[in-house]
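Hi everyone, thanks for coming along.

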Amino acid sequence: MVKSREFSFGATSAVITSLAIIVGLSKTVNAKINIISALLVIAIADNISDTFGIHMHQEAQSENAKETKKVTVYNFLTRLL
């Protein structure tokens, strides 16, 4: 069962980043293709960097390894979706 703490790590950041990309690229010549491409790049690159940062933070707090891996995977999947 997914706890709200595990889900909320990436959800707000992903929504804010996606909205910023949409607003920033909405005035370009071919806005639809540009927005889709930008969202795909952000979904992967930004997701990996944020997830890695959270994973390192969890490890530094010396939480158990199973919980750290679970939070990392949930964060990555939440932000990707």
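Where does Asp 46 lie? Asp 46 is in helix α2. When I say helix, I mean a DSSP run of H or I with at least four residues, strands being E runs of at least two, and both are numbered from the N terminus.

Quick housekeeping. This is a predicted model, where local features need pLDDT of at least 70 and side-chain atom pairs count only at pLDDT 80 or more, while totals for chains, interfaces and linings use all residues. Residues are numbered from 1 along each chain as its sequence is written, and side-chain values use heavy atoms, with hydrogens and water left out.

Okay, the overall picture. The protein has three helices and zero strands, so along the sequence the pattern reads α-α-α. Of the 81 residues, 27% are buried, where buried means under 20% relative accessible area, exposed means over 50%, and partly exposed is in between, using a 1.4 Å probe and protein chains only.

Now, α2. How far apart are its end C-alpha atoms? They are 42 Å apart, which agrees with the 44 Å that 30 residues should span at 1.5 Å a residue; the expected span is 1.5 Å times one less than the number of residues. There's also a kink of about 25° in α2, centred on Asn 47. The bend at a residue is the angle between axes fitted to the seven residues ending there and the seven starting there. Asn 47 is one of the buried residues of α2, and others include Ala 43, Thr 51 and His 55. Here's a handy thing to remember: an α-helix has 3.6 residues a turn, so residues three or four places apart point the same way.

Let's see who Asp 46 meets. Leaving out residues up to four places away in sequence, Asp 46 touches Thr 17, Val 41 and Arg 79, where a contact means heavy atoms within 4.5 Å. Asp 46 and Ala 14 are 32 residues apart in sequence, with their C-alpha atoms 8.9 Å apart.

Thr 51, also a residue of α2, is buried because its relative accessible area is 6%. From Thr 51 to Thr 72, C-alpha to C-alpha, is 6.2 Å. Tyr 74, over in α3, has its C-alpha atom 9.3 Å from that of Thr 51. Tyr 74 counts as partly exposed because its relative accessibility is 23%.

Last stop, the lining of the largest pocket. Which residues lie nearest its centre? They are Ala 14, Ser 18, Ala 43, Arg 79 and Leu 80, out of 14 lining residues. Helices α1 (4-25), α2 (31-60) and α3 (65-80) each give two or more residues to that lining.

Methods:
On a 1 Å grid over the protein atoms alone, a cavity is a set of points where a 1.4 Å probe fits but cannot get out, and a pocket is an open set with protein on both sides within 12 Å along at least five of seven lines; lining residues have an atom within 4 Å of a point.
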